Amino acid sequence: MRKIECIAAFILGVVSLCSCTDLVGTFEDFQGNGEISYAGKIDSLKVREGLHKIQFEGYLYYAETAKEVIIKWNDQQYVRSLEGYAKTDTLRILLEDLEEDLYVFDIYTVDKDNNRSIVTTIQANVYGDKFISAQNPVAYTYTLNGSGGVTLVWSEIAKLEQVLLEYVSQDGEEKSVVVPAFTMQTELPDIRLDNGVKITTWVKPNENALEYIALPTEYEDFK
């Protein structure tokens with residue numbers, strides 16, 4: 001019985017040794033010819049979406065050794081040198097003239113030895129005419145004041161909306177008023193009624209969006 005136990009222990013030892021050898025071999029295959037070196041990456045990367053544009057923001061604290069940052073999407077790429085930046089700086093990169101679409105961006109840095117950082121993948125929207133056509137301008141009614149002015153009553157200006165009013169005063173001065181979200185009514189006591197007022201609703205796609213996007217301007221002539 002003891003002989004059988006010894007044989008079993010020997011077989012188990014051989015199997016364990018082979019398993020360890022295989023594990024080391026797999027690690028060496030993954031490692032290549034030596035230790036893998038990575039460039040420092042951009043930290044806390046976020047994206048801000050806009051009209052035919054998009055902006056990336058991130059911190060350079062861990063990217064001190066990086067010489068440039070590369071952004072790739074579809075068959076295109078953008079390269080920005082990091083020369084002159086300090087590790088306490090915030091990096092901002094604005095990409096413009098993009099078609100309206102949903103994009104997938106790969107962002108990484110490269111150091112002087114051409115080592116790459118770990119890739120950060122970000123999915124984001126770029127907005128355009130399709131987004132604008134799907135939005136509705138803020139509805140309103142108005143009442144004329146006895147003094148010659150007008151009161152605009154808003155149905156609802158939502159959280160991510162604002163309204164731009166452009167008009168000529170009774171003194172002939174061109175004026176503009178930005179009406180913020182949740183405003184119930186707006187008084188224009190000095191408006192020249194025969195010139196009317198231009199009313200433009202501006203919409204932000206989301207709270208972190210890069211900008212408000214203008215919808216087509218309406219004209220109210222008070223007739």
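**A tour of the predicted model**

Select Thr151, which is buried at a relative accessible area of 6%; buried means under 20%, exposed over 50% and partly exposed in between, with a 1.4 Å probe and protein chains only. This is a predicted model, in which local features need pLDDT of at least 70 and side-chain atom pairs count only at pLDDT 80 or more, while totals for chains, interfaces and linings use all residues. Residues are numbered from 1 along each chain as its sequence is written, and side-chain values use heavy atoms, with hydrogens and water left out.

Thr151 belongs to strand 9 (residues 150-154); strands are DSSP runs of E with at least two residues, helices are runs of H or I with at least four, and both are numbered from the N terminus. Show Glu187 as well: its side chain and that of Thr151 are joined by a polar contact of 2.7 Å. A polar contact is a pair of N or O atoms within 3.5 Å; within protein, one must be able to donate a hydrogen and the other to accept it, and residues adjacent in sequence count only if both atoms are side-chain atoms.

Next, select Val197, in strand 13 (residues 197-203). Val197 is buried, with 1% relative accessibility.

Now the salt bridges, each a side-chain nitrogen of Lys or Arg within 4 Å of a carboxyl oxygen of Asp or Glu. The count by this rule is 8. Begin with Glu211 and Lys53, whose closest N and O atoms are 3.2 Å apart. Glu211 is in the loop between strand 13 and strand 14 (213-214) and Lys53 in strand 2 (residues 53-59), so this pair ties together parts 158 residues apart in sequence. Glu211 is partly exposed at 21% relative accessibility, and Lys53 is buried at 17%.

Move to Asp194 and Arg192, which meet in a salt bridge of 2.9 Å, N to O. Asp194 is exposed, with a relative accessible area of 58%, whereas Arg192 is partly exposed at 37%.

Lys112 and Asp113 form another salt bridge, with closest N and O atoms 3.5 Å apart. Lys112 is exposed at 68% relative accessible area, and Asp113 is exposed at 52%.
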